[in-house]
Amino acid sequence: MLTNTKKKTLIIGGGIAGPALALFLKRAGIDAEIYEARTSSEGFSLTLSCNGLAVLQELGLDHAVLSEGSAVSKWKMSNGKGRHLGGGVLAGGGLKSVFIKRVPLGNIISEEAERQGIPIIRGKKLEDIRMTSEGGAVASFQDGTSAAGDYLIGCDGVHSRTRQIIEPGFQGASFTGLINSGGYTSGVQVPCEPETIHFIFCKRGFFGYHVSPSGFIYWFTNWPTAKEPARDASRGITDEERKRMMLEVYQDDQPFIRKIIEGAETTFPFFSSYALPKQPASWHKGPIALVGDAAHAISPSSGQGASMALEDAAVLAKCLRDFSDAEQAYATYERLRRERTAKMYEVGRHGDSGKHVTGPFKQWFRDLTTPVFLKLFANPKASDWMYSYRVDWNSKVSGYH
Ligand SMILES: Cc1cc2nc3c(=O)[nH]c(=O)nc-3n(C[C@H](O)[C@H](O)[C@H](O)COP(=O)(O)OP(=O)(O)OC[C@H]3O[C@@H](n4cnc5c(N)ncnc54)[C@H](O)[C@@H]3O)c2cc1C
């Protein structure tokens, strides 16, 4: 039997979930080391929903996140001609959400982990895992080194190597059909409301933006493409070329969208988004478990991937704290998290489907039906399950679920 009286955990992946999990495990009295493939961070901007922010509040990091980003409490949807289609909330349980650059968000969590003495070892790309006869795991990395632990938790994202190892035949993440980019722009006047993310169904793509109280514009775009580009296809494309390509996508929409793109100080490299259409049969095997995108990557259109990863981290650490048998802890964690993450996957899938609508008739029909759909499903009561969910760190996980 694997028991958590043995306390060394190897965490693979130092993105969003990894350092948060390490911080919760430390509170539970379990030591962790984080092994991260990259040597530097990169990224875009994202909405950290209030349910995810609540997890960081438990870690005492919410103020740092709110002062780095910009608070958002609602969203509004329109079409490319400026017709209002509806909207919804981005708040619940007494908290607002936050629009934030991904690199500082990750840094806030990982710097806190390092401040608390949790080692983050960068440049360590997991290649393989061997289970030991004592019930532990040995991770081997691409650079030829290895590390041994009693538990190994894969927080290694959508293309998780840990997941491939525990379920070798699993199909893996599939391309959502959308190319993503975005950027940051200042000094451009655009229509906006306070604390609001504005979403626009344009003729050839989807455009979202938020204007902070200081006038800083966070914006993102995605547009459909029939064929999945090669993973490194956008390498070498300059900022100016990216702008030109995006201006072409939005050439027939409201002119202020092109002003945002033209005025950008920074644009993000094009990258394809992926989701896991099916969760692996099990999120754990022996001493190994999966957390965040590794277990259940959902489309970015949900605006919930980072929050699901943070919720997972808190729930798994609680289970390891409250069960002496690690297998029970893993199984309980999985059962507590599967349904919610599967429901969130559907939110993302639905968000993606609206972005794939092309052609005037289909777009006319989408614009006709969207207000009805939003009234039914995006009102505060209907979306409360998403935003008011809280992981109560202090309550004990009772019984074997
Ligand atoms: C374009 C886009 C927009 C998004 N927008 C939002 C949004 O608005 N709101 C939201 O909540 N979510 C959003 N997401 C999703 C969100 O980024 C993820 O759900 C979230 O980062 C998942 O956290 P994670 O820790 O599970 O994985 P990640 O944050 O991806 O971290 C995984 C880490 O593991 C490392 N790694 C990978 N393989 C290995 C290996 N073999 N060995 C060692 N390390 C490895 C990676 O380098 C990475 O640092 C968006 C995603 C994309 C692509």
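# Chat about a predicted model

Q: Which residue of β12 stands opposite Ala-137?
A: Ala-137 stands opposite Gly-149 in β12.

Q: What sheet do they sit in?
A: An open sheet of three strands, in the order β10-β11-β12, with antiparallel pairing.

Q: And which strands are at the edges there?
A: β10 (126-131) and β12 (146-149). Each has a single partner strand, so one side of each has no neighbour in the sheet.

Q: By how many degrees are neighbouring strands turned against each other?
A: The average for this sheet is 20 degrees, with direction ignored.

Q: Now the six-strand sheet. What is the order?
A: The order is β9-β2-β1-β13-β21-β20. That sheet is open too, and its pairing is mixed.

Q: Which strands are the edge strands in that one?
A: β9 (120-122) and β20 (284-285) are the edge strands, and each pairs on one side only.

Q: What about β1 and β13, parallel or antiparallel?
A: Parallel: strand β1 (residues 8-12) and strand β13 (residues 151-154) are joined by four bridges.

Q: Switching to the ligand. How many residues are around it, and which come nearest?
A: There are 34 residues around the ligand, and the nearest are Gly-13, Gly-15, Gly-157, Gly-292 and Gly-305.

Q: How does the shell split by class?
A: The shell around the ligand has 14 nonpolar residues, 13 polar ones and seven charged ones.

Q: You mentioned α1 and α9. At what angle do they cross?
A: Their axes cross at roughly 30 degrees and come within 9 Å. Angles under 35 degrees count as roughly parallel, and α1 and α9 are therefore roughly parallel to each other. The crossing of α1 past α9 is right-handed.

Q: Which residues make that contact?
A: On the α1 side they are Ala-17, Ala-20, Leu-21, Phe-24 and Leu-25. On the α9 side they are Ala-309, Leu-310, Asp-312, Ala-313, Ala-314, Leu-316, Ala-317 and Leu-320.

Q: How many of those are nonpolar, polar or charged?
A: The contact of α1 with α9 has 12 nonpolar residues, no polar ones and one charged one.

Q: What about α9 and α10, how do their axes cross?
A: The axes of α9 and helix α10 (residues 326-355) come within 8 Å, with a crossing angle of roughly 155 degrees. That makes α9 roughly antiparallel to α10. α9 passes α10 in a right-handed crossing.

Q: And which residues of α9 and α10 make the contact?
A: α9 brings Met-308, Asp-312, Val-315, Leu-316, Cys-319 and Leu-320. α10 brings Ala-326, Ala-329, Thr-332, Tyr-333, Leu-336, Arg-337, Thr-341 and Met-344. By class, the contact of α9 with α10 has 10 nonpolar, two polar and two charged residues.

Q: Last one: α6 and α7. At what angle do the axes cross?
A: Roughly 175 degrees, for helix α6 (residues 239-249) and helix α7 (residues 255-262), and the axes come within 10 Å. Angles over 145 degrees count as roughly antiparallel, and α6 and α7 are therefore roughly antiparallel to each other.

Q: Which residues meet there?
A: Lys-243, Met-246 and Leu-247 of α6 meet Arg-258, Ile-261 and Glu-262 of α7. In the contact of α6 with α7, three residues are nonpolar, none polar and three charged.

Methods
Residues are numbered from 1 along each chain as its sequence is written. This is a predicted model: local features need pLDDT of at least 70, side-chain atom pairs count only at pLDDT 80 or more; totals for chains, interfaces and linings use all residues. A residue is near a molecule or strand if its C-beta atom, placed from the backbone, lies within 6 Å of it. Ala, Val, Leu, Ile, Met, Phe, Trp, Tyr, Cys and Pro count as nonpolar, Asp, Glu, Lys and Arg as charged, and the others, Gly among them, as polar. Two strands pair if DSSP finds at least two bridges between them. Helices (H or I, at least four residues) and strands (E, at least two) are DSSP runs, numbered from the N terminus. Axes are lines fitted to C-alpha atoms, for helices over the stretch in contact, and angles run from 0 to 180 degrees between N-to-C directions. Angles under 35 degrees count as roughly parallel, over 145 as roughly antiparallel, 65 to 115 as roughly perpendicular and the rest as oblique. A crossing is left-handed if the near helix is turned anticlockwise from the far one by less than a right angle, and right-handed if clockwise. Two residues are in contact if their C-beta atoms, placed from the backbone, lie within 7 Å.
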